Amino acid sequence: MFGLSVDDLAYLIAIVDDEKEEGERIKGLVQKYFEGYPDKTYEVSLYQDGGQLMAELAQQRYFDLYFLDVEMVRQENGIELAHRIRSLYQEPVIVYVTNHLECAPEAFEVNAYRFIPKRMLTEKLSDVLDHALSVIDQIDQRAYVVDAAGSVERILYKNIICIQKDGKYINLRHRNGTCRERKTLTEVMNALASAEFIYVDKSYIVNLRQIESIKKDQLVLRDGSMVRISRPRYRKVREQLIAYWRREV
């Protein structure tokens with residue numbers, strides 16, 4: 001996932017249950033929970049088919065929290081679906097909602113956060129959301145550590161604007177300034193391990209969170225600066241950005 005920015009993004013929640021009525025019930029309880037927290041912004045997406053969810057994930061539409069039914073008759077079960085979600089990224093918070101308690105040990109093999117019997121949804125969901133949102137907020141504290149000569153600096157992902165190659169060094173620009181490190185862009189990208197960072201040309205990485213608009217072949221960033229998109233990468237950058245923005249709606 002891209003992660004959650006507590007200052008400018010909603011909590012993104014996906015519910016997957018092949019029984020429409022059950023999915024709607026979970027959605028209603030989630031909405032009722034957030035009514036008690038008017039300062040929190042959220043978005044709930046409901047799916048009856050895990051394949052539909054995976055298609056959206058493949059297009060970079062990630063979620064922070066997943067409610068999965070373990071037993072789905074017409075398709076792969078929730079445990080198989082969880083394995084597929086985790087194959088794309090490592091930080092989803094997964095809650096199983098099911099009548100099949102015998103599946104609990106297998107469910108925790110995919111690092112499920114909670115396991116709620118459907119008959120106890122009303123009693124348990126509020127407590128689960130309290131804890132799950134806390135975990136999600138902690139995930140948002142992910143940071144990149146710049147280890148330069150004589151100093152070490154910890155920069156939150158959400159504060160990184162862009163990273164530019166400069167010979168054998170990289171210049172990392174963030175909300176509070178710029179720092180320099182002797183690394184390749186590939187090494188930095190591997191260390192970040194997050195789909196919210198994209199190459200806009202072979203010597204430039206930009207944080208999707210920091211993009212305000214596209215004007216012709218230029219990205220306009222939130223700090224007012226502009227970054228050129230190389231011709232070979234233009235289409236992919238545009239598609240990734242649109243998918244990211246649609247996820248925020």
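Tyr11 has 8% relative accessibility, so Tyr11 counts as buried (buried means under 20% relative accessible area, exposed over 50%, and partly exposed in between, using a 1.4 Å probe and protein chains only). This is a predicted model, in which local features need pLDDT of at least 70, side-chain atom pairs count only at pLDDT 80 or more, and totals for chains, interfaces and linings use all residues. Residues are numbered from 1 along each chain as its sequence is written, and side-chain values use heavy atoms, with hydrogens and water left out.

A search of the whole structure finds seven aromatic pairs. Here, rings of Phe, Tyr and Trp (its six-membered ring) pair if their centres lie within 6.5 Å; planes under 30 degrees apart count as stacked, over 60 as edge-to-face, and the rest as tilted. Tyr11 and Phe34 make a tilted pair, 6.3 Å centre to centre with 40° between the planes. Why does this pair tie together parts that are 23 residues apart in sequence? Because Tyr11 lies in strand 1 and Phe34 in helix 1. Helices (H or I, at least four residues) and strands (E, at least two) are DSSP runs, numbered from the N terminus.

Phe34, at 3% relative accessibility, counts as buried too. Another aromatic pair joins Phe63 and Tyr66: this one is edge-to-face, 5.9 Å centre to centre and 75° between the planes. Both of these residues, Phe63 and Tyr66, are buried. Ring pairs also link Tyr11, Tyr33, Phe34, Tyr37 and Tyr42 into a cluster.

Now let us visit helix 2 (residues 50-58), where Leu53 has its place. Is Leu53 buried or exposed? Leu53 is buried, with a relative accessible area of 0%.

Which residues is Leu53 in contact with, leaving aside its neighbours within four places in sequence? They are Ala14, Val16, Tyr47, Phe63, Tyr66, Leu81 and Ile85, where contact means heavy atoms within 4.5 Å. Leu53 and Val16 are 37 residues apart along the chain, and 8.0 Å separates their C-alpha atoms.

## Two nonpolar cores

In soluble globular proteins, nonpolar side chains tend to be buried together. A nonpolar core is a set of buried Ala, Val, Leu, Ile, Met, Phe, Trp, Tyr and Cys residues joined through side-chain atoms within 4.5 Å. The largest one here has 22 residues, and Val30, Leu65, Phe67 and Leu125 have the most contacts inside it. At least two residues of this core come from each of strand 1 (11-16), helix 1 (20-35), strand 3 (65-68), strand 4 (93-98) and helix 5 (121-139). Helix 5 gives the largest share, seven residues.

Apart from this core lies another, of 19 residues, including Tyr47, Val70, Tyr96 and Phe115. As for Leu125, not counting residues up to four places away in sequence, Leu125 touches Ile26, Leu29, Val30, Phe67 and Ile116.

Three strands form an open sheet in the order 13-14-15, with antiparallel pairing (two strands pair if DSSP finds at least two bridges between them). Strand 13 (211-215) and strand 15 (226-228) are at the edges with a single partner strand each, so one side of each has no neighbour in the sheet.

Strand 13 and strand 14 (residues 218-221) run antiparallel and are joined by four bridges. Ile214 stands opposite Leu219 in strand 14.

## The whole chain

Stepping back, the protein chain has seven helices and 15 strands. Of its 249 residues, 50% count as buried.
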